[in-house]
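Please keep the sequence and the model in view while reading.

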Amino acid sequence: MNAMVKAENVHKSFGHVEVLKGIDLEVEQGEVFCLIGPSGSGKSTFLRCINHLEKVNAGRLYVDGELVGYRQKGDKLYELKDTEVALKRRDIGMVFQRFNLFPHMTALENVMEAPVQVKGESKAAARERAGSLLERVGLADKAGNYPSQLSGGQQQRVAIARALAMEPKLMLFDEPTSALDPELVGDVLDVMRDLAESGMTMIVVTHEMGFAREVGDSLVFMDGGVVVESGNPRDVLTDPQHERTKSFLSKVL
Amino acid sequence: MTVDIDKKGPEDTPPQAPQAIKAVPVRHYGRYLSAFIALAALGAIVFAFAQGEINWDAIPEYFFDSRILGGVRETLLLTVCAMLIGVVGGILLAVMRLSKNPVTSSIAWFYIWFFRGTPVLVQLFVWFNLGFVFEYINLGPVYKDEWSDFMTPFLTALLGLGLNEAAYMAEICRAGLLAVDEGQTEAAHALGMSHSKTLRRVVLPQAMRVIVPPTGNEVINMLKTTSLVAAVQYYELLKNATDIGQSSGATVEVLFLAATWYLIMTSILSVGQYYLERYYARGSSRQLPPTPWQKVKANMLSLRRPEVAR
């Protein structure tokens, strides 16, 4: 199987509210996969299902050929233990809309934390790698700063470096630029573009249509918990086929 | 700078600064009056005590008495040990209360309800009198003894104060844990950190900022509450002081003496709390106020600077 992420009829409800109503999609290895849609359409929820921050209610979700959150034996599903879930999450990096950096640690310590605490890497090795990751996102000079001393764009780039420190095979971006001043969006997108060029598989929930068009390999438009339209970003964004897609794009473009 | 000004002619000199206003300030007669009343009341109290038959000399005489110093040591020991039980128990109870397991969370709720809802003096007496209920303590192969030998006054005081404190600390810790943004837990989990590691490395250090100030309060409270354990035959500062008072006849004087010692100890604890709060405030966006030592250093520098300029 070549697909990095494969969703088959994925359903998710919060109480009586059904947020995902049967999602089918495939994300190939090395692909930049963009999810767009109005708020409340379920795109962030779907993203969170991929690393099991949310439990899927029905359907199957696979990452790198393995079922997310469960183990299948014959016809029966067994829930994975917390430690097994944590083990799988190591390979999936996630970047949040609100950055969620650890405020009591410096930028460097934020990036070092997971390799040292989760992988058991030596502090010296982790520090060196964290330093070069911060350099990669253009923040080598901010290593000793606390998140509160950084701008939003800088915080988000530290968050990307923190996720990369675990050397993931898949990166999830949950509206990474939505909480940023327009001026700062470019720096973060540059880092993401750079990451895409290095061959990382990326799933990006975004409102940045320009980024989706330039960098994206595939694009899915979601609304009301279903996939309305999907295809090549340039095709979908310039020539949408569905009425719903047309009306959404006419408002955001 | 001065050289530049000299080069320019008198016409080029910048316009004179506007003349400072010299006005008659508003007289706050109310302030004079309230200050006078407060001073008069204070004077009256001091005068009254000066009139009383207080043998002030007794205070310095017994201030460093070995029994008093021993009592201070016992008070501090009890405070530290009881707070240790309180903090560890409190964190445990807070985590239990916030857990998804309904049994552990109900038990924690019940514990807090019971220990917070009954007076600590009653709890002390209950621990003290448990010997009427149990004849022996029998922990299987580990430990076996007669109850009266096992339950020393120190253990009575420690359990009474510590277990009571745990109930209060549990609520303080719970508030601290809830104050940490959920995104922090999510980010830690997304990095592959386990529940316990997330709690230890990410949530607790941030919760400490909320937990430390009220905990400092609790320590100071505990230090004073230890005076209650005189009731269960534990010899700490107040008990030793009153004993001296009865044997020497300086009953009231030793109370002043004990009060002074309590003040000294609480003052030292307040200083410790100040520095602990600074430590856990690291990474916060607010600029920290300088420590007294930093202020002294800054003042020394600012005193020197005008001389250099001249």
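The sections below treat the model and its confidence, then chain A, then chain B.

## Basis and confidence

This is a predicted model, in which local features need pLDDT of at least 70 and side-chain atom pairs count only at pLDDT 80 or more, whereas totals for chains, interfaces and linings use all residues. Residues are numbered from 1 along each chain as its sequence is written, chains are lettered from A and ligands numbered from 1 in the order in which they are written, and side-chain values use heavy atoms, with hydrogens and water left out.

The model scores ipTM 0.93 and pTM 0.78. The pLDDT is the predictor's confidence in each residue, from 0 to 100; its mean over chain B is 87, with 91% of the residues of chain B at 70 or more. The pLDDT falls below 50 over residues 306-310 of chain B, a stretch that has zero contacts in the model beyond near neighbours in sequence (contact means heavy atoms within 4.5 Å). Where pLDDT is low, the predicted coordinates should not be read in detail.

## Overall form of chain A

Chain A contains nine helices and twelve strands. Helices (H or I, at least four residues) and strands (E, at least two) are DSSP runs, numbered from the N terminus. The radius of gyration of chain A is 18 Å, which agrees with the value near 18 Å for a compact globule of 253 residues; this radius is taken over C-alpha atoms, and the globule rule is 2.2 Å times the number of residues to the power 0.38. Along its principal axes, the C-alpha trace of chain A spans about 50 × 50 × 35 Å.

Of the 253 residues in chain A, 55% are buried, where buried means under 20% relative accessible area, exposed over 50%, and partly exposed in between (1.4 Å probe, protein chains only). Among contacts in chain A with a separation of 6 or more, 63% join residues 24 or more positions apart.

## Local features of chain A

Helix H1 (residues 43-50) of chain A has seven of its eight residues buried, so it is largely enclosed by the rest of the structure. Its buried residues include Lys43(A), Phe46(A), Arg48(A) and Ile50(A).

Just after H1(A) comes His52(A), with a positive phi of about 65°, although His52(A) is not a glycine. His52(A) lies in the loop between H1 and strand E4 (58-63) of chain A and is buried, with a relative accessible area of 14%. Glu175(A), also not a glycine, has a positive phi of about 45°. The loop between strand E9 (170-174) and helix H6 (182-197) of chain A holds Glu175(A), which is buried at 11% relative accessibility.

## Overall form of chain B

Chain B has 13 helices and two strands.

Buried residues account for 34% of the 310 residues in chain B. Of the contacts in chain B with a separation of 6 or more, 73% are between residues 24 or more positions apart.
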